[in-house]
Amino acid sequence: MSDEEIILSELSDDELVQQMHDDLYDGLKEEIEEGTNILLERGWTPYDVLTQALVEGMRIVGEDFRDGILFVPEVLMSANAMKAGMFILRPLLAETGAPKLGKMVIGTVKGDIHDIGKNLVGMMMEGAGFDVIDLGINNPVEKYIEAIEREQPDILGMSALLTTTMPYMKVVIDTMKEKGIRDDFIVLVGGAPLNEEFGKAVGADAYCRDAAVAVETAKELIKRRHNSLAGA
Ligand code: B1M
């Protein structure tokens, strides 16, 4: 323990958020939990804690990972610290009392074990009033098909964080087409290396830049679908 131990509760909001970025960088799970709770006690909304303290912190980790300053074991610790913060926020984001809007099945594609963004999308969708069935990571096409046939969701969401795994989304959508079930579901895709053009190219209904966009897009496409069914 250093002589200059930082007491998180004595920091101003700005200093605390800054400190949480540093703590996330250093993979300090307990400090992230404490910081998350302090910001909530100070009246921060769960969404602001999530985006300003956690997601922004992870963005910085991502840059240094890319630049070879951080390595997999360190980034794993950051990811675990981030997840501990998200674990506290999850029930708070979900308890908005919003009326049920629909159901989503979501999972990270085969070969890919990144799940923070996917979890975040799931949390935000729950908070917006969707039932979310989370298939986890590394999902082969069979798992997606089995889940949508079983759950009959309104939406299938797929996440990929690697340029090598994102083409797998097309495998899933093409299989849905072969089975004649593609148009029974809204397909949303997301993940850092994707873009709008890619979403169109693989045959998704939309690419979602982040979790907030995923929620807005899901609501909009569900509304459109209900309107067109009502008019049919
Ligand atoms: Co990985 N990794 N990683 N990694 N990792 C990236 C993705 C990378 C960009 C880092 C870098 O080099 N800059 C790079 C990919 C390069 C590329 O493909 N071009 C990379 C690499 C190379 C690797 C390994 C290959 C490293 C290695 O082993 N040598 C390896 C691959 C493992 C595998 O999957 N097979 C690997 C491993 C790991 C860890 C295990 C250490 C860890 C993952 C832990 C976990 O997820 N449980 C990890 C992490 C943490 C990252 C970075 C640093 C952060 C990702 C993250 O959680 N971001 C990442 C760097 C980066 O992305 N810049 C990186 C925070 C999260 C909130 O954002 O996931 O983008 P994101 O999600 C956003 C949006 O994208 C969107 O909404 C989310 C919330 O706003 N979104 C969706 C995401 N999914 C969606 C689904 C939707 C809608 C929106 O459906 C409707």
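Guide: What follows is a chat about domains, helices, cores and the ligand.

Visitor: What should I know before we start?
Guide: This is a predicted model: local features need pLDDT of at least 70, side-chain atom pairs count only at pLDDT 80 or more, and totals for chains, interfaces and linings use all residues. Residues are numbered from 1 along each chain as its sequence is written, and side-chain values use heavy atoms, with hydrogens and water left out.

Visitor: Thanks! Which domains does the assignment give?
Guide: Domain 1 (10–96) and domain 2 (102–231). Such bounds come from an automatic or database domain assignment.

Visitor: How far apart are the C-alpha centres of the two domains?
Guide: The C-alpha centres of domain 1 and domain 2 lie 26 Å apart. In their contact (heavy atoms within 4.5 Å), domain 1 takes part with 13 residues and domain 2 with nine residues.

Visitor: Nice. Which residues touch the most other members in the largest nonpolar core?
Guide: Leu-50, Met-125, Ile-155 and Leu-188 do, in a core of 48 residues. The largest share of this core, eight residues, comes from α4. Both domain 1 (10–96) and domain 2 (102–231) give residues to this core, so it lies between them. A nonpolar core here is a set of buried Ala, Val, Leu, Ile, Met, Phe, Trp, Tyr and Cys residues joined through side-chain atoms within 4.5 Å. Buried means under 20% relative accessible area, exposed over 50%, and partly exposed in between, using a 1.4 Å probe and protein chains only.

Visitor: And what does Leu-188 touch?
Guide: Not counting residues up to four places away in sequence, its partners include Met-104, Ile-155, Leu-156, Ala-206, Cys-208 and Leu-221. There is also a second, separate core of 26 residues, which includes Tyr-144, Ala-160, Phe-185 and Ala-204.

Visitor: Tell me about Tyr-144, then. Is it buried or exposed?
Guide: Tyr-144 is buried, with a relative accessible area of 0%. Its place is in helix α6. Helices (H or I, at least four residues) and strands (E, at least two) are DSSP runs, numbered from the N terminus. Setting aside residues up to four places away in sequence, Tyr-144 touches Gly-107, Thr-108 and Val-109, among others.

Visitor: What about Glu-151?
Guide: Glu-151 lies in helix α6 (residues 141–151) and is buried, with a relative accessible area of 18%. A polar contact of 2.9 Å joins the side chains of Glu-151 and Lys-103. A polar contact is a pair of N or O atoms within 3.5 Å; within protein, one must be able to donate a hydrogen and the other to accept it, and residues adjacent in sequence count only if both atoms are side-chain atoms. Beyond its neighbours within four places in sequence, Glu-151 is in contact with Lys-103, Val-105 and Ile-133.

Visitor: Changing topic: which residues come nearest to the ligand?
Guide: Arg-66, Ile-113, His-114, Asp-115 and Ser-159 come nearest, out of 34 residues around the ligand. A residue counts as near if one of its heavy atoms lies within 4 Å.

Visitor: One last thing: what span should α2 have?
Guide: At 1.5 Å a residue, the 13 residues of helix α2 (residues 29–41) should span 18 Å, and its end C-alpha atoms are 18 Å apart, which agrees. The expected span is 1.5 Å times one less than the number of residues.
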